[in-house]
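Please keep the sequence and the structure in view while reading.

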Amino acid sequence: MKKFRKVLDGLTTSSPINPGGSPVYGSAAGTPSAAPTPRELDIQETLMSEHFQICKTVRHGFPCQPTALAFDPVQKILAIGSRSGGVRLLGRPGVDCHCQHESGAAVLQLQFLINEGALVTACADDTLHLWNLRQRRPAILHSLKFNRERITFCHLPFQSKWLYVGTERGNTHIVNIESFVLSGYVIMWNKAIELSTKTHPGPVVHLSDSPKDEGKLLIGFESGTIVMWDLRSKRTEFRIYYDEAIHSVSWHHEGRQFMCSHSDGSLSMWHLRNTAKPFQVTFPHGKSQRDGRKESCKPILKVEYKTSRNSSEAFVVFSGGLSYDKAGRRPTLTIMHGKAITVLEMDYPIVDFMVLCETPYSNEVQEPYAVVVLLEKDFVVVDLTQSNFPIFENPYPMDIHESPVTCTAYFADCPPDIIPVLYSIGAKHKKTGYSHKEWPVSGGTWTVGSQTYPEIIITGHADGSIKFWDATAITLQMLYKLKTSKVFEKPKSGEMGRSAELVEEDPFAVQMISWCPQSRIFCVVGISAHVILYRFSKHDANTIITSLEVRLQCDMEDVISPSDTENTPCFSDPSGHSPQPQPPSPRSNTPDSVRDSIPCLKVKDRMIRMPPGYQAELVVQLLWVDGEPPQQITSLDLNSAYGLLAFGNCNGLAVVDYLQKTILLCMSTVELYGSADPFQRLTRSPRKNRQSTSDTCMRGLSYFYSDSKKRIRTSYQSLTELSDNQVSLDLERSKSPTSAPYSPSLHNDPRGTGEPVSNLRSCHYSPVFYLLDNGYPSRRAMLQQLHGVSMYSHDEHHITSYSWSERESRENSFSRSRSSSVSSIDRETKEAVTTLQFAESYGRKSDSMPTPCLWVGTSLGLVLIIPVSIPMDEEERQEEPVTVAPTGTVLMLKGSVLRFGFLDCGGALIQNPYEVWRDLHAPEDPDRPRKRKLVNFSPSSSQEACGDGHLAVVCSERQAKVFLMPSQACLYVHNITDSSFVLRADVVSVCNSVCLACFCANGHIMTLSLPSLRPLLDISYLPLTDMRIARTFCFTNGGQALYLCSPTEIQRITYSQEMCDNLQEMLGELFTPIETPEAQNRGFLKGFFGGNAQTFDREELFGEAAAGKASRSLAQHIPGQGGMEGMKAAAGGVVGDLARARIALDERGQRLGELEERTAHMMTSAETFSKHAHELMLKCKDKKWYQF
């Protein structure tokens, strides 16, 4: 009979809901006879699958692993290429566009078609791409794949449609930009050099046309050979053979001389009148030694030679060239102006730089005004117009990665006053000394869209800092920065023994945050097992931070064996738990082997002056217990209306009253169940005596801090390396016996007993991450790592590798019976608190009115509801104790619980109650006493015809359930995934309705209707999820989400069809119609008769008629998809069309006027010529031939 009952329960609770959303009557607490059905609730669901679509919106941050740089001097648009094949286009603030090559090949070089709204990219797969920038979403128009040669350098002359392409073999090819096909005109390397030369000149490293004569092309080879090629006569005009390798070449604007940078740190100047030897060779950073020789210097990778009208001296800007003997010096950019040499030290290696000039013409005085410097992890613009060369203040959010991001949170539709307040506080702490001139990259147009609302993104970092960002209208601007490390004393060397060495790298790293925008209360969880609570104030204050210490460690081994059925009786009358007072923690030097009741960090215990902004009020720290470090905190929630803070880890749960600064509850997970525990927990045999050595007792902290923190640094620093450093990661894992694949949410205690820690908290939880650049035996191992659960043995000297089959058996424990006879060594695991949420709910079935409750979800799929009794009167609230009494109410799901959500019986989302913000440090006002003002969203307040009760949405890593409270009847159940598991789940508002949004480990994004849990969207958005994305992915209201797509960039996406439709309106325009400036040296006659004599017709030389067709096997033309998209985008912008039409009419009128003047001048000349001819004819009419 027992087996038959189990089969029935499996049929009613484990099967997925049908597409129509019919109810499933099975409950973890039994199905009450009087439970209303969904039809009786009569909830009208308005969301349909048509309301959802996945689309990337915008990318913020510094381009990861940059490789190339380009600038359009007319449009004022900047382009940055990256190693992953991305191209970032930047203009004025708000104009920020990311493009991606499908191949993922690194971008080698970028070339703008100046003032044409197009960009050419050369990639490492030897493919050229032509991008159309005249649309809000740029697209590729043409591609050209080289088959037999590798591209090394490209050059596109201004106002030319012929692109010069240098290759690794030393050849130079010419590409027609309009048709994107090769010309038959080829400059072969063996024709460019002398026949007597026995060695290959090397790859082409430079191409440029002479400013004096566009028909002559200067070709620089890596070996030091320079050739001036005459394009008309197809022969070499001169050759230069230099001993040192060439890295770059730069012309003087007059075209009579040029400068080269070399591998020995020298700069050579060459004059066209004498190319036998350079007329000047300098070592800018090389000092003369005693023997007369210059000391060896590093290569000068790039040099630019620019002239200025206001000064007779030219600007020479170059990177590198420092002497080798000065080890440890930072990368430098050197600016030489006359005899003055300025060396600017950079924080990171220089990838590329460009000197910005007033004119796009190479044969005019350049007038440089700024230098754009692209670093490996930063982007700097230097003002050349001031003698001290200040930098411009960067308007883009390029410093997201200032410290590695460890946690993200996204809040849409915030209170409208919060952003101005945060900005005003943060503006007081901004750096000074920037250039007073406007930001030079000012191209494009952008306007705030009509559908905007306040949005805030919060990032937590490895150094303990918190950054608030204004994310309104798809922009990102830094508002305020908070440093959590200021709460603690700086650890002194030797003060805390070996533990100080283990945590000295990043002991303040942020794990998770919880923020109440309405009350402005902010809570931070750090990696050192501490919780900090902040209040916001506009005034500075002198306060002492209150410190509470919690001893949260359980001795019972949570070895589980599930009961026969999923239905579990509820016990409603267990006694409350009163925490025991904690002994004071000693601060003196304590041997690690006997450390007990000591936190990892020391809170400042003196009066502290706190500036306006977020001010620390309370710090809660977990303590060492019997020489074992505290376990990582895995869940957090606070409620400003209740004045309560709750957090949990793999040992248990703690609830803190932050108004009275007391600990209300400190219980192990097992104790919370009482007699309602659905599992049989087996005690373990006595463990071995601990070793007294420091190494053994500190292994837990070492595993937690040292290894996981090094992985942060390793993952962050490996960004600039070509490989993923798989070998080094594998070696790092093999350094100690505890090197099995592990979760950074987990640390190993000296007994070797493992404990599963939360995979991802449903609030804004992101444990410290590291790159999954492999080193795992399989994808299952990676997913197991993402989920944060590992299995360990009891041997304190050895940790077994995890078993995925054991993990699956645990997650399927509700559909398969697990034998209780399995030994504790094989089945041992602890139950972690994975999610927490305060809400107005029903703690017992018999409750008639909602009361404050704490919902607790665990890693074993269990949900506990803990009622909280809070005094209603404000004075009583400050003095009377708050009681927390676990009732034994247990609900069950498959997999670790991730998220709670609450709906009224009409299907509307119930907001959490909150306290209205008040400034506790504001001056006293006797007329307006500062009292707590609470806003409560009780379920009963929004229900009239629906009766009492509310709906509780619970989502785990495998399934979602909707319960009717207080009867605890399960109305709907949906198995989200069987092959993967959910990493992130949120109950969000979309299109004036509510849905459940899920992100799975296999990269799928899904939405489910509420409360019926109908699948509305299921799209494979990411083919493979890595650790970074998994730890930082979060949903928010309005159909938006974000994740950290690289260690330096935040990618925002939308899953709302409405926002996808309005996205074109929200994005900025990259191209604006601007008339190309005229060349200064062109007069009327030169303009009329086609310019000076040095210009030539490239079409006549490179066209098919003159040069023939190129070999088909040399390159393959690939048509792009940007043509139709460009036409659609062009048809969309009415304002752009009008502007273009107006400018076109102006240009047409101007040209007509010029044509009229020229016609009149020709008519006058013709009349004069006719008159003179007639006079000459009359004069010579009667003369004979011999009279002349």
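## The model and its salt bridges

The model is predicted. It holds 33 salt bridges.

## K467 and E402

A salt bridge joins the side chains of K467 and E402, with a distance of 2.8 Å from N to O. K467 belongs to strand β31 (residues 465-470), while E402 sits in the loop between β28 (379-383) and β29 (405-412), so this pair ties together parts that are 65 residues apart in sequence.

Are the two residues buried or exposed? K467 has a relative accessible area of 1% and is therefore buried, because buried means under 20%. E402 has a relative accessible area of 45%, so it counts as partly exposed.

## E617 and R535

In the salt bridge between E617 and R535, the closest N and O atoms are 2.7 Å apart. The pair links distant parts of the chain, 82 residues apart. E617 is in strand β39 (residues 613-622), and R535 is in strand β35 (residues 530-537). Both E617 and R535 are buried.

## D540 and R609

D540 and R609 also form a salt bridge, and their closest N and O atoms lie 2.9 Å apart. D540 is in the loop between β35 and β36 (541-543) and R609 is in strand β38 (residues 608-610), so the pair ties together parts that are 69 residues apart in sequence.

D540 is partly exposed, at a relative accessible area of 39%. R609 is exposed, and the value for R609 is 52%.

## A network of four residues

Salt bridges can also be linked to one another in this model, as a network made up of R59, R88, D96 and E1049 shows.

## A sheet of four strands

Four strands make up an open sheet, and their order is β10-β11-β12-β13. The pairing in this sheet is antiparallel. Which strands stand at the edges? They are β10 (151-155) and β13 (181-187). Each of these has a single partner strand, so one side of each is left without a neighbour in the sheet. On average, neighbouring strands of the sheet are turned by 30 degrees against each other, direction ignored.

The partner of β10 is strand β11 (residues 162-167), and the two pair in the antiparallel sense over four bridges. Within this pairing, I151 has T167 in β11 as its bridge partner.

Note on methods. Residues are numbered from 1 along each chain as its sequence is written. This is a predicted model: local features need pLDDT of at least 70, side-chain atom pairs count only at pLDDT 80 or more; totals for chains, interfaces and linings use all residues. Side-chain values use heavy atoms; hydrogens and water are left out. Buried means under 20% relative accessible area, exposed over 50%, partly exposed in between (1.4 Å probe, protein chains only). Two strands pair if DSSP finds at least two bridges between them. Axes are lines fitted to C-alpha atoms, for helices over the stretch in contact, and angles run from 0 to 180 degrees between N-to-C directions.
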